[in-house]
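Subject: Structure for your review

Dear colleague,

Please find below the structure that I am handing over to you. My findings follow it, and I would be grateful if you read them with the model open.

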Amino acid sequence: MWKIVTLAAAALTLGTGLAVSRQDRTSAARHQVSGIVLTAPERGRVRIRHDDIPGYMPGMTMEFELRKADAALSPGDRVQFSLRVGSERSWIEDVAVTGHGDVLPADRSAGTGDVRLREGDALPPLALVDQDGAPLTADDFTGRLTFLTFIFTRCPVPDYCPLVSRRFTQVQSALAADPSLPRDVRLLSITIDPEFDTPPVLKAFALAIGADPARWRFAGGDPGAVRSVARAFSVYVERNGALLDHTLATALVDRHGRVVTIWRGNAWKVEELVGEVRRAGAPGAADDR
């Protein structure tokens, strides 16, 4: 466990810029990968179902950052490419189309019959357990602003869970540094791997990344309860051995337990979250929006 936490802490070293650093460009690990394109590139990113990457991760579906203008890609293209993994970012380059195949459904973010939360909806009932073993329910959101997100501590891709946690660390710092911002803002990271991320693991992880327990909680608990809240936010999770194939979602919940904003993926900026807090104003404002 401590090896995992140590690696996670190293991956979450603070950095303010999102561009690939010169050090990352020269020292980033390189993996040769093959897979099939599921969606056409958009805003410099492309979704690919890739094969096993020996020594790194099993085959799964992921969204990759394209660092260069490679050949035009279309759904169904079979491709080979280089996956570069640096200390803060990952990206793909040298993409070559090798053939064409059928595309299976790419988005299974919520199971049949699951309700997808939208802005303005009230939180569903929650029955989670935090890093101290204390219960966490929907009542814990009442009377405060809460940013919640979904991670797992063993996530190996620097621009998935590690990036989200690094940005939450920056949000935590921004809130502490600006006395004009409301003081009732809280952060919540919900693990999508509760079988491994038990309360002691979450507590060690929180300590490793510098989370302030007075402001930032981590939660897991019963796998069924975790799946329920993940599906409510349309977070798709599929196990691939010890790792998980998953989507990302971050949300702001207001002082009445209503969803204010949901950010899909990892494109949101720290400034956006701080701006939402500023617009919400101090407790007692007429509207939390």
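Is serine 234 buried or exposed? The model is a predicted one, and in it serine 234 has a relative accessible area of 7%. Because buried means under 20% relative accessible area, serine 234 counts as buried. Serine 234 is placed in the loop that runs between α5 (223-232) and β11 (237-240). Its phi is near 55 degrees, a positive value in a residue other than glycine. Most residues other than glycine have a negative phi.

Aspartate 94 belongs to strand β5 (residues 90-100). With a relative accessible area of 46%, aspartate 94 is partly exposed.

I turn now to the protein as a whole. It contains six helices and 14 strands. Of its 289 residues, 51% are buried. The protein exposes about 13,200 Å², and carbon and sulfur atoms supply 53% of that area. When contacts between residues at least 6 apart in sequence are considered, 69% of them join residues at least 24 apart.

The largest nonpolar core has 75 residues. Those that touch the most other members are Phe81, Ile92, Phe147, Phe150, Phe218 and Phe233.

Isoleucine 48 lies in strand β2 (residues 45-50), and its relative accessibility is 0%, so it counts as buried. Residues up to four places away in sequence aside, isoleucine 48 touches Phe81 and Ile92, and also Met60, Thr61 and Met62, among others. The C-alpha atoms of isoleucine 48 and aspartate 77 are separated by 9.5 Å, although these residues are 29 apart along the chain.

The largest cavity holds about 70 Å³ of space. Its lining includes Met60, Thr61 and Met62, which are also touched by isoleucine 48. Other lining residues include Phe152, Cys155, Tyr160 and His246. Two strands, β3 (60-65) and β12 (243-246), each supply at least two residues of this lining. By type, the lining residues divide into nine nonpolar, two polar and one charged.

In helix α4 (residues 199-209), the buried residues are Val201, Leu202, Ala204, Phe205, Ala206 and Ile209. Just after α4 comes glycine 210, with a positive phi of about 80 degrees. Aspartate 132 itself is found in the loop between β6 (128-130) and β7 (135-136). Its relative accessible area is 48%, so aspartate 132 is partly exposed.

With kind regards

Key
Residues numbered from 1 in each chain as written. Predicted model: local features only at pLDDT ≥ 70, side-chain atom pairs only at ≥ 80, totals over all residues. Heavy atoms only, no water. Core = buried A, V, L, I, M, F, W, Y, C linked by side-chain atoms within 4.5 Å. Buried < 20%, exposed > 50% of the residue type's maximum accessible area, 1.4 Å probe, protein only. Helix = DSSP H or I, 4+ residues; strand = E, 2+ residues; numbered from the N terminus. Contact = heavy atoms within 4.5 Å. Areas by Shrake-Rupley, 256 points an atom, 1.4 Å probe, with all protein chains shown as cover. 1 Å grid on protein atoms, 1.4 Å probe; cavity = no way out; pocket = protein on both sides within 12 Å on 5 of 7 lines; lining within 4 Å. Points joined across faces, edges and corners; volume = space filled by probe spheres on them. Nonpolar A, V, L, I, M, F, W, Y, C, P; charged D, E, K, R; others polar.
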